[in-house]
Amino acid sequence: MSDSLATLLKNHNQQQAEIKRQNEQLKKSAVRSTNELTDSLTEYVNEGVTEIFSRQKELEQLSRKLANQTTRYANQTQQWLTLVDGFNMSLKELGDIRNWAEIMEHDMRTVMTTLEFVHQGTLDTEAIHESM
């Protein structure tokens with residue numbers, strides 16, 4: 001009976017060692033699979049992060065470009081406004097000169113009419129004096 005207990009104990013120990021060896025293999029396989037899954041997930045996430053980072057850089061570049069273009073547009077618009085204001089002032093000055101010329105012409109006509117009237121009055125007075 002002791003042989004059979006020894007055999008049973010030996011078989012039991014062998015089975016336990018086999019189960020332990022299988023468990024170790026399963027554990028190593030699970031760890032390897034977990035590492036592969038983690039690597040795959042990390043790679044997938046990194047690709048997404050890389051894509052997002054790339055797009056962010058592109059958006060920042062486009063934003064800077066837009067800001068530069070907006071600044072140039074604002075400067076050009078300011079130059080145009082200055083030019084239009086100068087043109088507007090020139091037109092006002094021309095209008096003022098034209099108005100001044102019209103007033104001068106009117107004043108000259110008034111002076112001429114007065115001089116003609118005075119001259120005509122002088123001629124009439126001389127005619128009256130001569131006829132007397």
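Helices here are DSSP runs of H or I with at least four residues, and strands are runs of E with at least two. By that count, the chain of this predicted model has 1 helix and 0 strands. The radius of gyration is 56 Å, well over the 14 Å that the globule rule gives for 132 residues, so the chain is more spread out than a compact globule. Along the principal axes, the C-alpha atoms fill roughly 190 × 15 × 10 Å.

Next comes burial. Of the 132 residues, 0% count as buried. The accessible surface of the chain is about 12,500 Å². Carbon and sulfur atoms hold 60% of that area.

Now the charges. The chain carries 14 positive and 20 negative side chains. The centres of these two sets lie 30 Å apart. One negative surface patch brings together Glu-36, Asp-39, Glu-43 and Glu-47. Take Glu-43 from that patch. Glu-43 sits in helix α1, which covers residues 2-131. Its relative accessibility is 51%, and exposed means over 50%, so Glu-43 counts as exposed.

With a relative accessible area of 43%, Leu-91 falls between the 20% and 50% cut-offs, so it is partly exposed.

Technical notes:
Residues numbered from 1 in each chain as written. Predicted model: local features only at pLDDT ≥ 70, side-chain atom pairs only at ≥ 80, totals over all residues. Heavy atoms only, no water. Rg over C-alpha atoms; globule rule 2.2 N^0.38 Å. Buried < 20%, exposed > 50% of the residue type's maximum accessible area, 1.4 Å probe, protein only. Areas by Shrake-Rupley, 256 points an atom, 1.4 Å probe, with all protein chains shown as cover. Lys, Arg positive; Asp, Glu negative; His and termini not counted. Charge placed at Lys NZ, Arg CZ, Asp CG, Glu CD. Patch = residues over 30% accessible without salt bridge, like charges linked within 9 Å, V, L, I, M, F, W, Y side chains within 5 Å. Salt bridge = Lys/Arg side-chain N within 4 Å of Asp/Glu carboxyl O.
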